[in-house]
Amino acid sequence: MALLELEEVSKSYRTDGVTVEALRGVSLEVDAGEFVALVGRSGCGKTTLLNLAGAMDQPTAGEVRIAGVSTRRLNDAALARLRRTSVGFVFQSFQLLGTLTAVENVELPLLVAGQAGARRAALERLDWVGLADLANRYPHQLSGGQMQRVAIARALAASPRLILADEPTGNLDSATAESIVGLLGRIASEQGAAVLMATHSQEAAAACHRLIRLRDGRIEAIEETGRR
Amino acid sequence: MKALAVLVAALSLPAAEFRLAKPGYEYRFPQDHFAHPEFQTEWWYFTGNLSAASGRRFGFELTFFRHAVAPEAASASPWSVRDLWMAHAALSDIEKGRFLWRERINRTGPGLAGADAATGCVWNGNWQVCWRGERMQLEAVTEEFMLRLEVVPQKPPVIHGRDGTSRKGAGEGRASHYISFTRLSATGTLSYAGERFALAGTAWMDHEFFTNQLSDEQLGWDWFSIQLDNDTELMLVQIRRAGGAVDPFSHGTLVEVSGRSRHLEAGDFRLEPLTRWKSPATGALYPIRWRIQVPALELELEAATPLASQELAGSKVLLPSYWEGAMDYRGRLRGGPVTGRGYLEMTGYDRPVRLSPPPPAPGGRAASATPPD
Amino acid sequence: MKARALLFYRLLVRPMLAEPLRTALTLLAVALGVGVVVAIESAGRAAAGSFRSSLETVAGEADYEITAAGGLPEELLAKLARLPVPISLAPRVEGSGRLAATGTPVRLVGMDLIAEGGRAPVRGQELFEALREPHSIWCGRAVATQPGQTIRLVIHDVAREYTVRGLIEGAGLDSTLILDIGAAQEALRKPGRLDRIEVRLPESASPKVEARLREALPEGVLLRPAGARTEENRKMLAAFRWNLRVLSYIALIVGAFLIYNTIAISVLRRRAEIGLLRALGATRGQVGAAFLAESALFGALGAALGLLAGRLMAEGALRLMASTVDTLYATSSPAPLSFDAAIIGLAFAVGLLVAVASALAPAIEAARVAPVEALARGRYHWERRLAVRRNLVGTLALASAAGLASLGPPLGGKPVLGYLAAVLLIAAMALAMPALIDAVARLNLARLAGVETLIALRGLRASLGRSAVLAGALATAAAMVIAVGILIGSFRETVSLWLEQQLAADFYLQPEAATGAERDATLDPALAAELARLDEIAEVERFRAYDISFNGLPAYLAAVETDLARRWGKLRFLGGQDREAILERLGTGNYAIASEPFASKHGLRPGDILRLPLAGRAAEFELLGIYTDYSNERGYIVVDRDVLLGYLPDPAPTSLALYLQAGADRTSARAAIERACAGREVRLISNAELREEALRIFDRTFAITWALEAIALSVAVIGMAGALLALVIDRRRELALLRFLGAAGTQIRRLLVGEAAALGLLALVAGSALGLLLALILIFVINKQSFGWTIQLHWPAGLLAAALGLVYLATLLAALYPARLAQRLNPIEVIHEE
């Protein structure tokens, strides 16, 4: 069964009296262990799609199911709980809290979920991304790549089965970007999570199993890269 | 011989400025029932044995006491203290074994206490006795009981002692003018413990005024009022001296059926304590059973109280404690049986009664009384 | 629980600690606000506590007391003492005097030391002996330290030696003197009279006992629960305390603006962070609660600090209050300040309440942040869309509501609606503030004031939500200063004019023992006649006043020589009543006039009948007119001297007014009067001195009001400093960019100061407008309903200009440190950081 299912999903916004159709009838599935890239020009609806896939927002029409759970009838608190347990996010600008150390940043989702023993789990994740010895550094003491690794560790903290990454390499140099994409790929292969990554980068997209091209809120094409 | 004297005895001024009780005093009634301010000390004393219709027995005591602290008031203000007025009201609930008593002290003030021939009343606040002709109306209101009695003399007033003077010690003026109604028929009501009793019985009244009475060696006294069922009455007072001797100025009075009285000297009677009761409050040992012998009258009586606990226990340092309570008498008169009732007062058992001021203490101050609560 | 605490610490406490100065400023603002409330409350309680009759502590609580205006005949005591009901009666004669050596006021109490010997503090062996001496006293520790001492006491106009026979112990008895009742009557010139009879009933007493007692009392004698006087004094003080209490909350309201601002900034800055947390699965409730908790933390810490601050301020507040209470209400010796559970509870309650209430809006705002905002790229600059037009409608609605509320009657004797109107006006101003800033910022002032000012103004406009709150806080504080300034200025001017007009005599004579509010000290009745014989003197007017109780409130009953008042006095009657006609009738019988505060307090109008229990008789007086008077808040009932003497035959005057012969020399007249008074303890006061003294008392009375204003203002300035600091920190990037664009450090500083200056100016303009409206409410609604004075509006222009100047200066000063901080920013570091 697919971990993430979008069925005829549409999303429109109203700003300043103008309706913008960000997504128009998008259907797709991502399976566990699958690493999928989302490509397309700015404004094509990538971020909107990620928001809907991450239970951060409700579609205007259609249905989103995460691990078989439809977001449709969930209220805000239930959506938040669903995100807590099932979804991990990685952002372009890392979104680490400057006042927290690396390990504290990783702990954050666990603390939000009210889990005890957050420290051990957080250190394990940091170790997994290869930053165990930098656990007590503050973000401004880390390089961009290191920051993104911390962010990935954070996304993994609550062991979600769906990882969403929004331009995770956008602020990184190419060498670092490659290692980050590799890391995301390992999440899919080693942890069996479904990873959906929005990216502008050809190289990054090429590292994925599958490639979904968006254009004007529609899926233009789905391509297998053959890298499974 | 009244215990309240002790309250203020210690603050007596030199008595010279007051009139002394001397032989030849001419009694005039009803004026002499009221105040004699020229004498330093004066008291009115009512005691009696009463019964309700149900037979429930009560004893009562209502006393009014005046003591002048100065011959003249210091100023025209009514609050300026010339006379202090003290009073006691006590109720003996024989059946329940309860003894209730209250005391109060006032100055004359704007009319807080006094003895006024014009209105016929002797009063201290709302405790009072008012003469209405021959009859006297008694009223005592306390938090615990309210007693209203009308008492009617069955005999004319008795004047104790010789030549109108009752001697208490050696020397001029150690005496009092002492008047008694020895048999008063009493009727009235008592409100007490949520009940109202109609009471009847026999009461006794003493009225005494004097300046300077007892001497230093006199420790205390035992005073008996005895109302016998043959319609005669007896008053006996025994003054106890240091060392246990009986003072030669002890005395008594016999009142015959006709009302005629006969003076008794110390040698005419013998009082012998039989049983003692220890006061839990003061630790004093009071004789509450006595043998009374008056050989000249061929009278022998045993005196016993129906209620041991009738002590007015002074709570303050200088306020003496005394026992004053209802008594039963039983014995033989001229070979035949006789019974009677009356009252007994005993003083000086917790410590010697000091009637005249001790020498000034270092610091220049004589002992004085603490007013009651 | 642990996870939540850890989150709270990491996400909210740590950032607070990261900006210690700003956090400290916010805490300080809250602490000051809470501190003022605590100080006023505890000082008020102590001041009111002082009314507890000292004898209550001495002789135990009575159940009832029997009183009458002008005292009771002592025969009544004798009569009641013989009532066949089980009550105990304790007569009291009371008055005041002064220690000759220090002038310290003391309270004199005469009691029946013989009858009450057991209960009174005075007992023991020396009592009877001491009673033989007429000048024996027993006293508290403030009067003498050991028995046997001789002290000189001034009672009325006589100084005399008294011998201390013993010391009395007990709370509030330090300045109490006990005399035997007769001695007290003599010393206080109350022969044959008692002030009160205390009544104790046995616990078991049936209601019949009280009924019997009531029946036995003659008409014109009051039987009331014991402590009624204390209660009356407290009631009288209630309005004063209530108004002070309300004023004490101003600082807190200003503080609330600042907490709001702090939390709003916190939310604003952390929008992305909030979005992230939401993305990580935090619910709206969690986010909202977190910000409320942050605010509550400010509230709790502020309250704790506020308790300390309040403790410090309470001493001063109590001193100021006590002197006011003494002069205007009743002689008192304040109870000790106590910081008990109630006060601590109050501190935390107001601290937390204000904190949570002011954080409510920002917390809701935070809870509304959508998780998608975390995904927004770069720094998301958010500014609340202020619906300027809708706010203006709200402003109008609030202002209209305020107008309506100001027309309302007092509720429960308190100007609740008046204060509501004031609060609504403040809210209206706060709502209008964004529009005002927007409008000003749109003006193209570049040419006029330079480019820095333009950027500064645009900066304000860009952060409208934030600057509006700041300006609102400052404007509120400024408005209160202006309003209270106008109130006090107007009041002072009114009183001053009244004094000028009212004080017609050349000299006034008082007994030395006279103390602030009590009127029981009198002058030797013979003195008036002696003075009248002096060549220099044209007329001597005798004035007599009694402390009485009217409808459960303390008042004065006064007697004037009506013909002299007609000839010399300048009474002004309200509603244009004819003075001549009123005074002509006043002397002819049972008529009275009343002072304005008295009439308004009791809702009386000319034609009403005043019923007074006078010396054991019931007396009725028809009210002829109401005159303006600012001498006392209790108020006066004034009747003709001869009429009152018919009831209370005490000829001793409370004071004398001396009119000099035309052309008489003041200096020699004064000397002659002093010669005539030789041997008497009197105070001779000239017209000018009295006027000065009155204004001095006036100023002292309002000292505490000014202090409260100053503190509110300090809170606003502190808030301003804190907010500007935050502004600098948040706009580092923009400021650094300006540096890259070639702006000099000094220009940056000027920019910041310029913003503060613009904000300050705006706040002052808005505050002045608001302040004027508040002043009108204070003068014509709140004051009128609380105290009953009629105050003419005056503009204390100099005072207001100075106050506003000070506020402005303080605002600029508050901007200096943040401005320097901005100037010192290293643009390279700042840009790199981002």
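A residue is termed buried if 20 or more other C-beta atoms lie within 10 Å of its own, exposed if 12 or fewer do, and partly exposed in between, with C-beta atoms placed from the backbone. The structure is a predicted model, in which local features need pLDDT of at least 70, side-chain atom pairs count only at pLDDT 80 or more, and totals for chains, interfaces and linings use all residues. Residues are numbered from 1 along each chain as its sequence is written, while chains are lettered from A and ligands numbered from 1 in the order in which they are written.

Asp112(C) is buried because 24 other C-beta atoms lie within 10 Å. In chain C, Asp112(C) belongs to the loop between strand E3 (105-111) and helix H5 (127-132); helices (H or I, at least four residues) and strands (E, at least two) are DSSP runs, numbered from the N terminus. When residues up to four places away in sequence are not counted, Asp112(C) touches Ala90(C), Pro91(C) and Ile181(C), two residues being in contact if their C-beta atoms, placed from the backbone, lie within 7 Å. A separation of 23 Å is found between the C-alpha atoms of Asp112(C) and Val158(C), which are 46 residues apart along the chain.

Chain A contains 7 helices and 10 strands. Its radius of gyration, 17 Å, is close to the 17 Å given by the globule rule for 228 residues, so chain A is as compact as a globular protein of that length. The radius is taken over C-alpha atoms, and the rule is 2.2 Å times the number of residues to the power 0.38. The C-alpha trace of chain A spans about 45 × 40 × 40 Å along its principal axes. Of the 228 residues in chain A, 52% are buried.

Between chains A and C, the contact takes 31 residues from chain A and 27 residues from chain C. On the side of chain A that touches chain C, helices H1 (46-53), H2 (76-86) and H3 (102-112) each supply at least two residues, and the largest share, 6 residues, comes from H2(A). Chains A and B do not touch, their nearest C-alpha atoms being 70 Å apart. Of the 2 pairs of chains that touch, chains B and C have the most contacts.

Chain B averages a pLDDT (the predictor's confidence in each residue, from 0 to 100) of 87, and 87% of the residues score at least 70. Over residues 1-13 of chain B the pLDDT is below 50. Where pLDDT is low, the predicted coordinates should not be read in detail.
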